[in-house]
Amino acid sequence: MAVPFIISSEHIQSMDAVIRQSKLHDIAHFGIRVTIGVIFLVHGLPKFNPGFVGFLTSLGIPAEMQIPIALAESVPGILLIVGVLTRISSALLAIDMLGAIFYVKHATSLTGEHGFEFDLILLAGNLVIIVIGPGRVSLSHILKKVPRFLQ
């Protein structure tokens, strides 16, 4: 005779705690953080090239914004990779993605030419990092003296 399996809320809470402390969780979190950091670093570094000014001016953005825009993607990308100031960095990158979606691509098409699906997934990834923080595979976790709001 089969005995029904009943899961109590206490059991679910203890399972949740075990899952959050697993090595797989740490690896997945590290992978997401580093992947997003590398993407922004790779997309931010070419913006230091003087040719990027032409693209900015075609959007009506002053040429003087080239360096701040390049830094706004490159520096947070590096900080995400090493795991320092991750929440602040992800917040800056999320704002950057909102600008890309609404100002650059005008949120007209999710897919296709001028589609914003790539920007949207980067925005979602940054929101996840804002919520979960740097994780245990990060410089912030190793230093242990970094205040939570700066992680």
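F52 counts as buried, because its relative accessibility is 14% and buried means under 20% relative accessible area, exposed over 50%, and partly exposed in between (1.4 Å probe, protein chains only). F55 is partly exposed, with a relative accessible area of 40%. This is a predicted model, in which local features need pLDDT of at least 70 and side-chain atom pairs count only at pLDDT 80 or more, while totals for chains, interfaces and linings use all residues. Residues are numbered from 1 along each chain as its sequence is written, and side-chain values use heavy atoms, with hydrogens and water left out.

The structure holds one aromatic pair, formed by F52 and F55, which is tilted, with 5.8 Å centre to centre and 35 degrees between the planes. Rings of Phe, Tyr and Trp (its six-membered ring) pair if their centres lie within 6.5 Å, and planes under 30 degrees apart count as stacked, over 60 as edge-to-face and the rest as tilted. Because F52 and F55 are three residues apart in helix α3 (residues 52–58), about one helical turn separates them; helices (H or I, at least four residues) are DSSP runs numbered from the N terminus.

## Helices α4 and α5

Two packed helices are described by the angle between their axes and the distance between the axes. The axes of α4 and α5 come within 9 Å and cross at roughly 145 degrees, where axes are lines fitted to C-alpha atoms, for helices over the stretch in contact, and angles run from 0 to 180 degrees between N-to-C directions. In this packing, A72, E73, P76, G77, L79 and L80 of α4 meet T86, S89, S90, L92, L93 and D96 of α5, contact being heavy atoms within 4.5 Å.

L85 lies in the loop between α4 and α5, and its phi is near 50 degrees, a positive value in a residue other than glycine. L85 is partly exposed, with a relative accessible area of 29%.

## Helix α6

The buried residues of α6 are D119, L122, L123, G125, N126 and I129. They cover an arc of only 165 degrees around the axis, which puts them on the same side of α6; the arc is that of the directions from the helix axis to the C-beta atoms. These buried residues pack against α2 (23–44), α4 (66–82) and α5 (86–104), whereas I121 and V131, on the other side of α6, are exposed.

Just after α6, G133 takes a positive phi of about 80 degrees.

Conventions. Helix = DSSP H or I, 4+ residues; strand = E, 2+ residues; numbered from the N terminus.
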